[in-house]
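The sequence and structure are shown first.

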Amino acid sequence: MSMSPSTTTTDMQQQFHALADFIATRLQGSERFTCWFSGESTDFVRFNRGLIRQPGHVRQANLSLSLIDGQRQARGEFSLSGETQTDHARLARLIEDLRAQLRDLPDDPYLLIATEVQDSTRVVASKLPQTGDMVEEILAAAHAHDFVGILASGPLYRGFANSYGQRNWHEIASFNLDFSLYLAGDKAVKSSYAGFEWQSDAFRARYADAAAQLELLRRPAQRIAPGPCRAYLTPTALSEVIGMLGWAGVSEKSLRTKYSSLRRMRDEGLRLHPSIQLAEHTAAGLGPAFQPQGFIKAPRVELIRDGALIGSLVSPRTAREYGLQPNGDEGMDAVELAAGTLPQAEVLKTLGDGVYIGNLWYLNYSDRASCRMTGMTRFASFKVEGGEIVAPLEVMRFDESLYRMLGDKLLGLTRERELLIDSQSYEQRGTGSMLLPGALIDDFSFVL
Amino acid sequence: MFPATSSDPHADPQAWLHQTAALFRSLAPAVDFCSLRIVDERSDYLGVRQDVLQPPSTSQSRGAMVSVVHRGGYGYAATSDLSAAGLREAIHRAMDWAARSAGHSVIDFTRIELPRPQGRYASPGVTAPVQRARREIIDLLMAESKACRTDARIVDWSASLWTSATDQLYATADGAEAFQQFRQVMPSLSVSANAGADTQTRSFAGGGLCRQGDLSVLLDSGFVGSGPRLAAEAIALLEAPNCPTGRMDLLLMPSQMMLQIHESIGHPLELDRILGDERNFAGTSFVTLDMFGHYQYGSPLLNISFDPTRAEELASYGWDDEGTPASKVFVIRDGVLQHPLGGSISQARAAMAGHAVGGAASARASSWNRPPLDRMSNLNVEPGDSTLDEMIASVERGVLMDGNISWSIDDSRNKFQFGCEYGRLIENGELKGVVRNPNYRGISASFWRSLRAVGNAGTLEVMGTPFCGKAEPSQIIRVGHASPACLFSDVEVFGAEA
C-alpha cells in the first residue's frame with residue numbers, strides 16, 4: 001500500500017473549502033477560527049455464520065469550529081447536511097452561539113494554534129470495486145465455514161482550515177474486512193484483509209491461510225496451570241500490549257501528572273530491553289499528517305530508543321502549558337516497533353515448550369505504577385511442545401508488567417513485521433495503524 | 001405535496017421531526033417494511049482541569065437511518081442529509097442492500113412482525129433547559145476544582161459536566177410514530193495524588209453519577225463540596241498499605257457493583273452475543289440458549305431486572321429503537337436465569353432456532369448513524385434486606401471496595417479481573433483501615449453463586465455510564481445500573497506489586 005500526494009481538488013475538498021471561506025466572511029473584529037472536517041461514505045456489511053446479518057451504508061460529515069478572540073476560545077461541532085443553504089444557516093447560528101459564549105469566558109492560558117500557514121493535500125483516489133461485488137466473493141468463500149465479521153469500504157475525509165488561510169486535506173478510499181472463522185465454542189481463527197485495492201487472489205489466499213489454521217483447532221484443547229510460561233506473542237497479540245501505551249502512556253501530559261504507566265521510565269530511569277525501539281511514525285501511517293489546531297505532525301517521533309524513554313507525544317495545549325514544542329496529539333495513531341533478529345520461520349523451534357498466543361483481548365492496567373497489565377488470550381492460541389503445536393489453548397488470563405515482558409524477560413523480536421490496520425469505528429472509521437514484530441517472552445505470567 | 005426540505009429544526013424541533021417523517025412517508029417505497037429513525041442530539045461539555053477552564057464545546061448531531069425489509073432481505077442507510085434528495089438516496093441505498101441480502105441473510109426478515117409504536121415519551125428534565133446557566137456551572141466547577149488541591153501531593157484534578165438533550169422520532173412508512181425526548185446529565189470529578197512512583201485517584205461516585213433529568217441531578221448529588229473529601233481519600237490511599245492477598249470476603253459498594261453487573265451479567269445475557277453476532281469483536285457468551293428458565297446463575301439472593309421504565313436512570317425510554325414498548329423484565333429471579341437481553345429481531349431468531357426464550361425492549365443504537373442491536377438499558381440489582389452495618393458485622397476477614405479503576409473479562413464473559421480505587425479492610429466484623437490498589441478476580445459462573453448478602457434499599461444507588469462499547473461498526477452507548485451494596489464470600493483478592 002502506498003499513498004502519494006495529490007495536486008487535484010476533490011468534490012468533498014471543495015465543499016470543505018467553501019465552508020471555511022464562509023466562516024471567514026462571518027468573523028468580526030479580531031476573531032480568528034480553526035475548523036476540522038471529518039466525513040465518510042461507508043458501506044458496512046456485517047456477517048454471521050457465513051451469511052449477512054446487517055448490511056448498510058453510512059454517509060456522514062461533521063464540522064468542528066473553534067472561534068477564538070484574543071486568548072478566549074469556544075468550540076462547536078455539528079453534522080453537515082451537504083446542502084449549502086442549510087449548512088451555511090447552521091454555521092452562522094453556531095458562530096453566533098460561540099460568539100455569545102466568548103463574552104463569558106476567561107482567557108485560556110493554554111491556547112495554542114498554528115499561525116504559520118502550511119497547506120497540504122493527500123488523496124488516494126478510489127480503486128474500490130462495488131461493495132456488492134466484494135460481498136459476493138466473501139459469501140462464496142464463507143459458505144463452507146462459520147464465518148463472522150465485518151466489511152467496511154468507502155472513502156474517508158479529514159480536513160483542516162483556519163483564518164490564516166491554511167488548508168489541509170486528507171482523503172483515502174479503503175476497505176477493511178475483519179473476520180473470524182469459528183470451529184466451535186470459542187475456538188476460532190481471526191484474520192483480516194485490508195487495503196486500497198481489492199484483489200480477489202489476495203483475498204482468497206488470506207482466507208485460505210485462516211482456514212488452514214482452523215484445522216489446528218480441531219485437536220482437543222488443553223489447559224495450562226496458572227504460573228510463568230514461555231510465550232510467543234504474534235504481532236496482533238503484541239498490538240494489544242503496545243496499544244495500552246497509547247492510553248496515557250507516552251502522552252506528555254500524563255507523564256507530567258504522574259498518571260502515565262511509563263512514569264517510572266521518565267522519573268526513575270527504568271528501561272525496557274535494549275532491542276525496544278518505539279516510534280510514532282505519522283509519515284508511514286494511514287491518518288492525516290495534520291491535527292485539529294493546524295500543526296503539521298512530526299513525521300516521526302522517537303519514543304523509546306534502546307529501551308529508554310526518550311520522547312513523548314505533545315499536544316499544542318500541553319506544549320503551551322509546559323513550554324514545549326508540539327509534535328502532534330497525545331494519542332498514538334501510527335505506531336512502529338523496530339524489528340528484531342528472530343526469523344519468523346524459527347519462532348516455534350525457538351519457543352520450544354510454551355504457548356503461541358495469536359491474540360490478546362480486553363487489556364487493562366492492574367497496577368499502573370508497575371506498568372502491569374492484565375488481559376486474556378483469545379482466538380488461535382496454542383500449546384507448543386518441542387517446537388511443535390500440540391493443542392489449542394483454553395483461554396487464560398495473564399497479569400504481567402511491561403518492564404518484564406518487554407524488559408528482562410524478552411528473548412527476542414521477530415525479523416518480520418506486520419502492518420495492522422485498525423478496524424474499529426466508534427462514531428466514525430478510524431485511521432490508526434501499527435507496524436509490529438512478534439515477541440518471544442520468558443516466564444509470561446498467567447494467573448487464571 | 002411536501003416541500004423539498006422540511007421546516008427549520010432550530011425554530012421548532014418537534015414540528016421539524018414530524019414534518020421530516022411526513023416527507024419520508026411521501027417518498028417511502030412499496031416494500032414489505034420501511035422505517036425512519038431520526039435523532040437530533042445536542043451535547044454540551046464544560047470542564048475545569050487544574051483550575052483552568054478547558055475550551056467549552058457544543059455538539060449537534062442530527063441525522064436519520066432508513067431501514068428496509070423486503071422479500072426476506074434487510075438493509076439500512078444513514079444520512080445527515082435530511083432533504084428530500086438525501087432521504088431519497090438513503091431509501092434507495094437501504095433498498096439496494098435489502099435486495100442484495102435477500103436469500104443470504106441470517107434470517108428471513110419478512111417473517112418477523114416488527115412493532116408499530118405510537119405515542120410520546122419524555123424523560124425528567126425535558127421542560128427545563130439543561131444548559132441554562134453556563135456561567136453558573138463554570139463557577140461551580142471552578143470552585144470545586146479549587147477546593148481539591150488541599151496538599152502539595154495532589155498532582156491532577158478536574159471537574160466537568162456533560163449534558164445532552166436528545167429528540168428522537170421513530171416512524172414507519174405505514175403510519176407508526178413514536179416521539180421521545182431525553183435529557184441526560186453526566187458530571188465528573190476526580191483527584192489524583194502522587195508520592196514517588198505511586199499515584200492514587202479518587203472519583204466522585206466512581207464516575208458513575210449519570211442520570212436523566214435536569215441540573216438537579218448534579219446539585220442534589222453531593223457533588224458540590226466533595227472535592228476536599230476526594231483529595232483526602234487520595235492522600236489516605238498514598239499512605240495506606242497495599243491490599244492484602246488471599247481468599248476472603250468481598251463487600252462491593254454500588255459504584256463497583258455497577259461494573260460487576262455490567263460486565264458479568266449484562267453482556268453475557270445479550271442475545272445477539274449468544275446468537276454469535278459479536279464473536280469477531282466484543283465476543284461470545286458462556287450463556288447458551290438452552291440455559292434459560294433453569295440455570296442457577298447466582299445464589300437465591302440474586303434478582304436482576306432490566307428496567308427502562310425507572311425514569312431517572314440513564315437509559316430509560318418509552319420504546320427501544322426497533323419500536324418495542326419498554327417494560328420491566330426480570331432476567332434473573334431468585335438466582336435462576338429467566339430471559340436474555342434481546343430485542344424483537346433477536347427474539348425471533350432464537351425462536352426460529354427452537355428457543356422461545358423471550359427478551360426485552362433492548363434493541364438500541366448509539367445514534368442515527370448506527371443500526372440497533374441488543375443492549376443493556378438499565379440493568380439493576382433488586383435490593384435485599386441487609387443493612388451495610390449488618391453485612392460488615394458478618395465479615396471475619398475481608399475487604400470493602402469502591403469505585404472502579406480497572407476492568408478486564410474474557411470474550412465469553414467468564415474469567416474477570418477488576419480493580420478499584422479505594423479499599424477498606426474488614427476484620428472481625430469491623431471496618432478498619434484504608435488499603436490501596438485493591439483488585440479481585442473470579443469466574444462469572446461461580447462468582448454470583450458466592451453472593452451471600454444483598455444490601456437493602458438504603459444502600460442502593462442509581463448510577464450509570466456513558467461509555468459502553470460494542471458492535472461492528474462500533475458503538476458507544478449509555479447504560480444505567482442501580483444496585484445496593486453486595487457481599488460475596490471466598491473471593492481471590494490481591495493488591496499491587498510491593
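## Domain interface in chain B

Buried area is the accessible area, taken with a 1.4 Å probe, that two parts lose on being put together, summed over both. The model discussed here is predicted. In chain B, the domain assignment gives domain 1 (13-234) and domain 2 (246-494). Between them, domain 1 of chain B and domain 2 of chain B bury about 3600 Å², of which 57% is on carbon and sulfur atoms. B:R37, B:R202 and B:R211 supply 14% of the area that domain 1 of chain B buries against domain 2 of chain B, more than any other three residues.

The C-alpha centres of the two domains of chain B are 22 Å apart. Contact involves 51 residues of domain 1 of chain B and 40 residues of domain 2 of chain B.

Four salt bridges are counted between domain 1 and domain 2 of chain B. B:R202 forms a salt bridge with B:E421, with 3.0 Å between the closest N and O atoms.

Several strands of chain B, including β1 (33-49), β3 (57-70) and β6 (154-172), each supply at least two residues of the side of domain 1 that touches domain 2. The most is given by β7(B), with six residues.

## Helix α1 of chain A

Helix α1 (residues 11-26) of chain A has 16 residues and spans 23 Å from first to last C-alpha, close to the expected 22 Å. Its buried residues include A:F16, A:L19, A:F22 and A:I23. Among the elements of chain A covering the buried residues of α1(A) are β1 (31-48), α2 (84-104) and β5 (146-162).

Terms used:
Residues numbered from 1 in each chain as written. Chains lettered and ligands numbered in written order. Predicted model: local features only at pLDDT ≥ 70, side-chain atom pairs only at ≥ 80, totals over all residues. Heavy atoms only, no water. Helix = DSSP H or I, 4+ residues; strand = E, 2+ residues; numbered from the N terminus. Expected span 1.5 Å × (residues − 1). Buried < 20%, exposed > 50% of the residue type's maximum accessible area, 1.4 Å probe, protein only. Contact = heavy atoms within 4.5 Å. Domains from an automatic or database assignment. Salt bridge = Lys/Arg side-chain N within 4 Å of Asp/Glu carboxyl O.
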